[in-house]
Amino acid sequence: MPTDQIVQYCLSGITVGSIYAIVAIGFNIIYNTTGVINFAQGEFVVLGAMTSISLAARMPLAIAVALAALITALIGALVELLFIRPAKQPTVLRLIIITIGVSILLRETALHVWDEKVHALPFFTGTEVSSVTLLGAHVSPQVLWVLGACALIVAGLSLFFKFTLPGRAMRACAANRTAAQLCGIKVRWMVTASFMLSAGVGALAGCVISPVTQTQYDMGAPLAIKGFTVAILGGLGNSIAAVAAGLLLGLLEAFSISLFPLAYQDVIAIVVLLAVLCFRPSGLFGRRDAHAFGEF
Amino acid sequence: MRFRRYAPIAGLVLFVIALQLALSAAGAAYYFTQITMSVYYSLVALGLCLLMGYAGQISLGHAGFFAIGGYTSAFLTTHNIATSGGGSAVRLLQQLGLLVERQDLYGNAIVNLSPWLALAIAMAVTTAVALLVGLPVIRLRGHYLAMATLGFGIIVYRVVLGTAGLGEADGFSDVPPFRLFGWLEVNGRKPFAAQNYYIAWTLVVIVMLLGANLVRSRVGRALRSIRESEEAADALGVNVARYKLTVFVLSAWLAALAGVFATHYRGGIGPSEATAFKSIRYVAIVAAGGMTNLWGALTMGVLLNFLSLRGVFGSYDDAVFGAILIAIMLFAPDGLVRVPRLFRRIRKKLDGSLSA
Amino acid sequence: MKCIQWVGVAALASVVGGAWAAAESAGAASGPIKVGCIFSVTGPASNLGAPEKKTAEMLVEKINAAGGVLGRKIQLIVKDSEGTPEKAISFAHQLIDEDGVLAIIGPSTSGESLAIKNICQENKTILLSCAAAEKITDPVAPYVFKVAPKDACAARWIFQTMKELGIRRIGVLASNDGFGLAGKEQLVKYAPQDHIEIAASEVYDKATTDLTGALNKIKGQNVQAVVNWSTVPAQALVAKNMKQLDFDVPLFQSHGFANIKYVQAGGAAANGTIFPAGRMLIADLLPDGHPQKKVLMEYKKEYEARYHEDTSTFGGHAYDALTILAEAVRKAGSADPEKVRDAIESLQGVVGTAGVFNFSKTDHNGIGMTAFEMLTVKDGKFAFYKRN
Amino acid sequence: MDRCLLDTQGLNRFFGGLHAVRDLELRVAEGDILALIGPNGAGKTTTLNIIAGALKPESGVVRFRGKPITGWKPHAIAGLGIARTFQTTRLFPRMTVAENVQVGRHIRSRAGFLAGMFHLPRTWKEERAIREAALAILEKLGLAEDADTPAGNLSFGRQRGVEFARALAMEPSLLLLDEPAAGLNIYETAELARLITRIRDWGITVVIVEHDMSLVMEISDAVVVLHEGSILAQGKPAEIQKDSEVIRIYLGEDHA
């Protein structure tokens, strides 16, 4: 295969991979604090994108995106307060089912608040036709924004979890909930904070990828499934690994197109997920026993 | 005393007959179609109830097994094997009477496998897939298990949607009826409505009989012990891996069986039967039924599917199932059908406070 | 016995349900003419079903306001099948056996239409499908009709335009829904006839986030043009990704692209796209004498005023179906299914949004090549495609 | 007197860098109560878990009645009649006490999926036998009146009793007890002592890991003192009490 085609497959793999990575980061935040995979994470991405699209019509893009992230964060807090907190010492099974129910409700509200049509946020730089050429291959500048946002969020979250008080408190909750309580950490509010943070990050992800992937009310679930795959592939809880795993999966999918029909692209991603789950549940980068406690 | 355990089954049979007579008398025989379809769907809920409610193993991909059963049977009973060589095999099947000659849409004669052979093959395929998926999956727990089963369901959906031989987006729409014995036939057309109503309910009554016995037996206790604490069950000599795998395959069979019969009854099957959301609906039904409660799963399976198939929820159909999931898990983890027990507890508390 | 308690409850619920429904199915001769609608208002095919439902409800009000048909009001019973055949079948039985409808409009997708084709035929209920697949009316079932334009005609128009541009070798992209599947079948069927070679073809899913990989694969086959056949919103990605890939060969779309939303989503990348479509999108550019102009302008005005959103050709299918049905009932002079069916078969020159319908015993679709115009997109708006 | 029921040879187990069990040579005589004692982290519970199959040793052999059972799965080892209790009681909370004990009868009954589904006469008899055996053990341990209450609702002490009843329902030949006295007051510990001696009188060999020295010294036939994964001393309780080495590692230098 000619080199520019290979590079092009790499770039399209990176484009898709960065989208999965930025969604996967959202899972790790909640997983790190509560030990639960939040099935409604995909819906935070959609809500963020849709809100910013509505706002972008009335205000400059940057403010619209920031405001959308804030609003979705508040929705995240609401979701935690209404649906997660009332559950008294829930088993993992019950929490999974609750988050599935929440994802359905959020999707239906998105349908009835907005509509079933497709929307897209304008490109941050350039337009639909502009493309950046790298080694003879072309990619939309928006992809660089997605990669940039990915790096920014990972760096920001690493700093937050390592050097700020609430960040360390959240990690304490993940490591040992009762011990954290004994140290005076209000665990219940930490969980709420983790939902807010994860919803905000999800919203940012939604806004950044919207020009590339477009946004529709029911795109949350398929995106969430790819996000899980990447989060688990990297090693649950570890967001830096999630970005690496995201790019890996993106490249795998991109190159799989050159061999298999596009229709089976998803099957390959899921087969990878099943393989990781069965043979190395702690993920490619997680330490064998790391998945016992979430570390960032 | 031994037959007291079969009273609920007898109650169910009486209800089924009474309902049929009442509806026929009231000239409302048109309900049979939607009831029959709901009953087939509740079969899947019963299988999932054994797996998720009793053995505590979540599965977000059980619609995949319904689709495997339905699609295998649909493909085998519509694929014209006269043209695909293997002459000797075809002659052998002919002698065994396992072939059916009929006309396709355009009127030219085709030869297909008999639905009985197709059913056997569908169940064999389901067993193979259930073992293939089950073996690695039984080692997983919690959200890893949820993810793996969700992944399995999506693979089935993608394969079914992406394969030309399986009709891609249109699926199958010309599946012949399934002639059981003599005049008994799984067929969606109006003259067969009452007959098919009873075929569906008979399947459910048999499964309820076997299921109710199973959950009260040694195996039922072992499954529940696995749900409560795998380590303790293992230490008591329960072969946790084998039991989880067996109940996984058993629930897959029930889903596939429902798939085969529903496909012949409706004369077709589409990829929408294998979506992740369809699996989640079964989970919602079992949860609403009270998880560890076969009767709950049956009641909610028939009732919720019947209402959904009648479009009572309109465009909020998905939202209703989402709300059920949340409400049950938050407020009534024992499900709705245990409500009588709830009243008894409240009454006991009231008597207690009154007499104290 | 706790089980007996809830058994009673379940029985009570369904008997009550039975009584409530029995009272509703009034006699067929007098009273309102019942028409059932099965649209996928939500779910994956909501971009087809939602406009169809809004259009049907709007048009029925208009017809009833003008005195209904033969002095009888039309009672619309709309069901949301979420694009799933199982619900379509359930609703078809319910509408036919329980509500005793004269005809069923919809379903929106091919899979559902094929699923209920036999049910409607056996129960002598007229089916006016809004889906695209040729198999709905081939083989012809007496009671089954189709209002969506033939994919074959759209494919032939594309190939004719390609022949004029000297294009021999093409790549095909299609969505994995009924519409994409039916279109791809016609492209493959008519390609040899029009000396076109399909070098590569890929099917993509509604949830696709990026198509650069697939387009890169097709670009590798050095094709002279790309045809995309889909109703799925992800199709706007095709134009964008092609531009980003600097893959500048003409992009042909199907009549599934005929929604201004996709042009807006495609932005500047959509310019220059060539596609066959009904005349709804360029109604204002039609010469005044054109038969469809009045119908299209009226429909656009009322729809946009009422729902504050652009019209789409899919919504138009519901408009045509209901118009044809009303016309047939007027012509048959009664609401008897047999007579109305014969009337439809004899209908000529019915002006609809998709084209002018001329039915016959063998043609249950009524519109052919004339239903289409080759259009293109010039700086964000639809325009006639003139080969310069 | 080779009445050795269970023995281990060269047993090793690591947790990361920690060498928890170091070439352990343990011999358990049939009919005895053997106590495994030693300071925290001496490898007592690790040894117990290896014998019960919950943990796999890096090297070494575990033999039961001379037959190697190293690395067997817990349910296979349980099938040989080796029962165990857990440090933190692991009952089946939402199942009734009777059902908990009935699961204990699992290895003593055979009805499988098919027999369970069809409920043939053979299964009736076995079910009745299981119910009666479970009730008998509950009566023996004085827990009969709680038979129908969910196990999760019982007090801590009674839950421990149910765990004992469940283990005894397996009619084991060897019972592994993991700190049964933890969290019990003096009266409950005394009652536990009487129970364990009764269990031994029923002919069941007992291996007990325990910190409560008065309980250990009162009921044990043999005591093994573990220190950093290997045996420091073993013998009759009286001898162990006087052993200077044991006192040193327990009470520190100046008391020796």
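**View 1. Helix H4 of chain C, from end to end.** H4(C) contains 13 residues and spans 19 Å from its first C-alpha to its last, close to the 18 Å expected at 1.5 Å a residue. The model shown here is predicted. Just past H4(C), Lys124(C) adopts a positive phi of about 50°.

View 2. Among the buried residues are Ser110(C), Gly111(C), Glu112(C) and Ser113(C). Leu114(C), Ala115(C) and Ile116(C) are buried too.

**View 3. The five-stranded sheet of chain C.** Five strands of chain C form an open sheet with parallel pairing, in the order S2-S1-S3-S4-S5. Strand S2 (74-80) and strand S5 (144-146) are the edge strands, and each pairs on one side only. From one strand to the next, the twist averages 20°.

**View 4. The S4–S5 pairing in chain C.** Strand S4 (residues 126-129) of chain C pairs with S5(C) in the parallel sense, over three bridges. Within this pair, Leu127(C) stands opposite Val144(C) of S5(C).

**View 5. Helices packed on the sheet.** H4 (residues 110-122) of chain C packs on the sheet. H4(C) touches strand S1 (33-39), strand S3 (103-105), S4 and S5 of chain C. The direction of H4(C) makes about 165° with that of S4(C). Helix H11 (residues 313-332) of chain C lies across S1, S3 and S4 of chain C. H11(C) runs at about 160° to S3(C).

**View 6. The contact between chains B and C.** Chain B brings 45 residues to this contact, and chain C brings 45 residues. On the side of chain B that touches chain C, at least two residues each come from helix H1 (7-25), helix H2 (31-54), helix H6 (142-162), helix H12 (294-309) and helix H14 (339-355) of chain B. H1(B) gives the most to this side, with nine residues. The residues on this side of chain B comprise 22 nonpolar, 15 polar and eight charged.

Methods:
Residues are numbered from 1 along each chain as its sequence is written. Chains are lettered from A and ligands numbered from 1 in the order in which they are written. This is a predicted model: local features need pLDDT of at least 70, side-chain atom pairs count only at pLDDT 80 or more; totals for chains, interfaces and linings use all residues. Two strands pair if DSSP finds at least two bridges between them. Helices (H or I, at least four residues) and strands (E, at least two) are DSSP runs, numbered from the N terminus. Axes are lines fitted to C-alpha atoms, for helices over the stretch in contact, and angles run from 0 to 180 degrees between N-to-C directions. Two residues are in contact if their C-beta atoms, placed from the backbone, lie within 7 Å. Ala, Val, Leu, Ile, Met, Phe, Trp, Tyr, Cys and Pro count as nonpolar, Asp, Glu, Lys and Arg as charged, and the others, Gly among them, as polar. The expected span of a helix is 1.5 Å times one less than its number of residues. A residue is buried if 20 or more other C-beta atoms lie within 10 Å of its own, exposed if 12 or fewer, and partly exposed in between; C-beta atoms are placed from the backbone.
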